[in-house]
Amino acid sequence: MEKEIFLFFHKTLSNNFLDFLMVFFTKRGWIFWLPVFLYMIFKYLKTKDYKFIAYFTLTITLGVFISDLFSLEIKNLIQRIRPCWTEDFRGVVGCTHSY
């Protein structure tokens, strides 16, 4: 059943534009989030609450760092193989050398 679901999404719902967007945001996701966070910081600069801005910036920075660290550690700890490495999907989809 897993194979049928995977192939449904891979063949039926695939879209070249969305594939491009996914690769773009995977490699350069910060381009989207940077203006959002800069807007939020500059919005609070008007209130002159510099302590809040410092805490906000520190919280966002630590949150991003911790989430990246934990996601990488969990990924390496579990080491779930990609579907393309199994016999059912070999040749159907491309594969990378990561988990």
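I41 touches I53, F56 and T57, leaving aside residues up to four places away in sequence; contact here means heavy atoms within 4.5 Å. I41 itself lies in helix α3 (residues 30-45), while F56 is found in helix α4. Helices in this predicted model are DSSP runs (H or I, at least four residues), numbered from the N terminus, and strands are runs of E of at least two.

Let's look at F56 from its own side. With residues up to four places away in sequence not counted, F56 touches F37, M40 and I41. F56 and I41 are 15 residues apart along the chain, and their C-alpha atoms are separated by 8.1 Å. For I41 and F52, eleven residues apart along the chain, the C-alpha separation is 9.5 Å.

Is F56 buried or exposed? F56 counts as buried because its relative accessibility is 16%, and buried means under 20% relative accessible area, exposed over 50%, and partly exposed in between (1.4 Å probe, protein chains only). F37, found in helix α3, has a relative accessible area of 24%, so F37 is partly exposed.

What does F37 touch? Not counting residues up to four places away in sequence, its partners are F56 and I60. F37 and L18, by contrast, are 19 residues apart in sequence and 25 Å apart in space, C-alpha to C-alpha.

## The chain as a whole

Stepping back, the chain has four helices and zero strands, and from the N terminus on its elements run α-α-α-α. The C-alpha trace spans about 60 × 35 × 20 Å along its principal axes. The radius of gyration of the chain is 20 Å, whereas a compact globule of 99 residues would have one near 13 Å; the value is taken over C-alpha atoms, and the globule rule is 2.2 Å times the number of residues to the power 0.38.

Of the 99 residues in the chain, 8% are buried. Among contacts with a separation of 6 or more, 32% are between residues 24 or more positions apart.

## Surface and charge

The accessible surface of the chain comes to about 8800 Å², and carbon and sulfur atoms own 69% of that. These areas come from the Shrake-Rupley method with a 1.4 Å probe; for residues, only the protein chains shown count as cover.

You will find 12 positive and 8 negative side chains, with the centres of the two sets 11 Å apart. Lys and Arg count as positive and Asp and Glu as negative, with His and the chain ends not counted; each charge is placed at NZ of Lys, CZ of Arg, CG of Asp or CD of Glu.

## Confidence and conventions

The mean pLDDT of the chain is 80, and 95% of its residues reach 70 or more; pLDDT is the predictor's confidence in each residue, from 0 to 100. Among the elements, helix α1 (residues 2-12) has the lowest mean pLDDT (80) and helix α4 (residues 50-78) the highest (87). Where pLDDT is low, the predicted coordinates should not be read in detail.

Residues are numbered from 1 along each chain as its sequence is written, and side-chain values use heavy atoms, with hydrogens and water left out. In this predicted model, local features need pLDDT of at least 70 and side-chain atom pairs count only at pLDDT 80 or more, while totals for chains, interfaces and linings use all residues.
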